[in-house]
Amino acid sequence: MTERDFRAMNLSEVQVSVELVTPDVTLNLGPQHPSTHGVLRLIAKVDGEVINEIDPVIGYMHRGYEKLAEVRTYPQITALVNRIDWVSGFANEVPFMVATERLVGVEAPERAQYIRLILAEMARISSHLMFLSSYPLELGAATPLMYALRERERVLDLIEGVTGGRFHPNFNRVGGVKPAAGAGSDQKKVVQDLPEGFLAETREAMRTVLAVCDDMDELVVGNEIFLERTKGIGIIPAERALEYGVSGPNLRASGVRFDIRKTDDYLPYSKFEFEVPIGAVGDCFDRYMVRLEEIRQAARIVIQAVDTLPSGPLQAKVPRVIKVPRGEIYVRAENPKGEMGYHIVSEGGRGPYRLKIRSASFSNISILPWLLKGQLVPDIIAILGSLDFVLGDVDR
Amino acid sequence: MTASPSEIAERYAAMVGADSFSADHGTAKIRVAASRWIEVHEALRTDLPFFSWLSAIDWAAEVAVGDPPEEAGEERYEVLSRLSDVGGGAGLIVSTDISKSDPRVASLTGVFGGADWHEREAAEMFGILFEGHPHLVKLYLPDGFEGYPLRKTFPLLSREVKPWPGTVDVEDMPATENVEAGDEAGGAEPEDGE
């Protein structure tokens, strides 16, 4: 009997039962999985292809920053906070510094605020380019990665040129920013400002960033497979998003025009013109498109800020030892991932009595058990990727 | 921005009948009794639908690490939640005090679904019982973890072993004894040791 005969015989004997018994299967995704952007574990109870229940397990990256902050001085905490969302390290520092400055009662000089704003927007561009490149990759398109990462590297080089660090700048000081690295001065007392050629290179980088956005438009957005995988998938209704504290591009994709840059005054955003893009239905596709458009708006802000950068000091006059009077403050900022805020309770002294870190990704993925229920297993990756979270930002 | 933080605090304090309100450093805050925790959030939800975060503070006279309060108040846990509106810039912290001997408060999961993880975090970090929470298990910490890390009585072991590594603590260096008197760093001067 040949193999073929054997198969034919067996098949003919198979009895197909109409009522298949399909007990729930527990599917374990992660913690080590490329789509989890770090170490997120999902325990899914699936019935065939349908997810009945999902339980995200987080905490693999928990570093206890809130406890560590209680034994550190305010300037030391800067080094901790830019490790929360490491894809946009600089942006994490800003609200913390603004909160500390408001408690102390100093204000950063205008030039320092502009530099903060330029670097914060560059961090947004870098973070969103990371998303624009990795998300199609998760859906099976490898080429866009090369295009977007090339421009991201250019932006990171500029950030590194000013701050000395690509990911963890540690560049903010209470009352301003650190005199920049790379200015090339051999005299210690001479003020080191932005590196030579920074403004021109920034304009050029923004031009190429805008160009790569158009490339991504053509490469990805018109792609039939991409549309099939993202349109109508993972819809978050606006009301549900608000209740879960989903913020940033994820919230705006659901049609809510909520941008802290427009409502709060932690940086001088009111001096610049930019739009707040929103989505229509809040599916994966809208979340992609909102971020794509946000890069264009961020580049627009950077170009305006570079053109109008005022001269002046980088540091306000502050005591060498920062002592913060009693008080309580919450300052939030529109970070690439969403609302990032610091609630500082000071009882006097050099360090906070309590520091609550509100990170965007934590709230953004807390909606997962609700969002993934009833979805199909292949859509898990598409939905996870579209939320653009970073585990350091979830676990703190 | 239409209303100032103090106006916001005053308006919502009047609306829900809060015990007191404040707006230090532009941070609007109202204080309510723990028994009214859910009722107050339900009332605020229409105006302030965005649930930003929930956390707690351990108010203690003696601490294992860090600085104790200058004037020790009553020992208690303060539970805080932060809500905000959409696009208007109004935000509000709602606060309540609960006793240390019996730290419990009603769960907000029925009002804001997003309170789920925040309450799990506060529960494992402070040992606060959120009554009515559907799944109050550990969030960050491993299942067998003992103790409540963000309580002031919980020692930070690395700090117990070694107060601070190295000599980078500026305040203890002899040359900076009179820093408060007037040795102010000018705007142009780079910081030492960078």
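Biologist: What makes S7, S8 and S9 of chain A one sheet, and in what order do they lie?

Modeller: In this predicted model, the three strands form an open sheet in the order S7-S8-S9 (chain A), with antiparallel pairing. Two strands count as paired if DSSP finds at least two bridges between them. S7(A) and strand S8 (residues 338–346) of chain A are joined by nine bridges, so they pass that cut-off. One of the pairs links Ala333(A) to Met340(A) in S8(A).

Biologist: Good, on to chain B. Why is H1(B) called oblique to H2(B)?

Modeller: Helix H1 (residues 5–16) and helix H2 (residues 37–44) of chain B pack at about 120 degrees, with their axes 10 Å apart. Roughly perpendicular ends at 115 degrees and roughly antiparallel needs over 145, so H1(B) is oblique to H2(B). The crossing is right-handed.

Biologist: What makes the contact of H1(B) with H2(B) nonpolar?

Modeller: H1(B) brings Tyr12(B), Met15(B) and Val16(B), while H2(B) brings Val40(B), Ala43(B) and Leu44(B). Tyr, Met, Val, Ala and Leu count as nonpolar, so the division is six nonpolar, no polar and no charged.

Biologist: How do you know that S3(B) and S4(B) pair?

Modeller: They share nine bridges in the antiparallel sense, and at least two are needed. Leu54(B), for instance, has Ser81(B) in S4(B) as its bridge partner. These strands belong to an open sheet of five in the order S1-S2-S5-S4-S3 (chain B), with mixed pairing. Its edge strands are S1 (20–22) and S3 (50–59) of chain B, and the twist averages 20 degrees from one strand to the next. Helix H3 (residues 115–126) of chain B packs on this sheet, touching S3 and S4, with its direction at about 10 degrees to that of S3(B).

Biologist: Where in chain B is the pLDDT below 50?

Modeller: Chain B has a mean pLDDT of 79, and 81% of its residues reach 70 or more. Over residues 173–194 of chain B, however, the pLDDT is below 50. Where pLDDT is low, the predicted coordinates should not be read in detail. For the model, ipTM is 0.82 and pTM 0.83.

Notes
Residues numbered from 1 in each chain as written. Chains lettered and ligands numbered in written order. Predicted model: local features only at pLDDT ≥ 70, side-chain atom pairs only at ≥ 80, totals over all residues. Helix = DSSP H or I, 4+ residues; strand = E, 2+ residues; numbered from the N terminus. pLDDT = per-residue confidence, 0-100. Contact = placed C-beta atoms within 7 Å. Axes fitted to C-alpha atoms, helices over the stretch in contact; angles between N-to-C directions. Parallel < 35°, antiparallel > 145°, perpendicular 65-115°, else oblique. Left-handed = near helix turned anticlockwise from the far one by under 90°.
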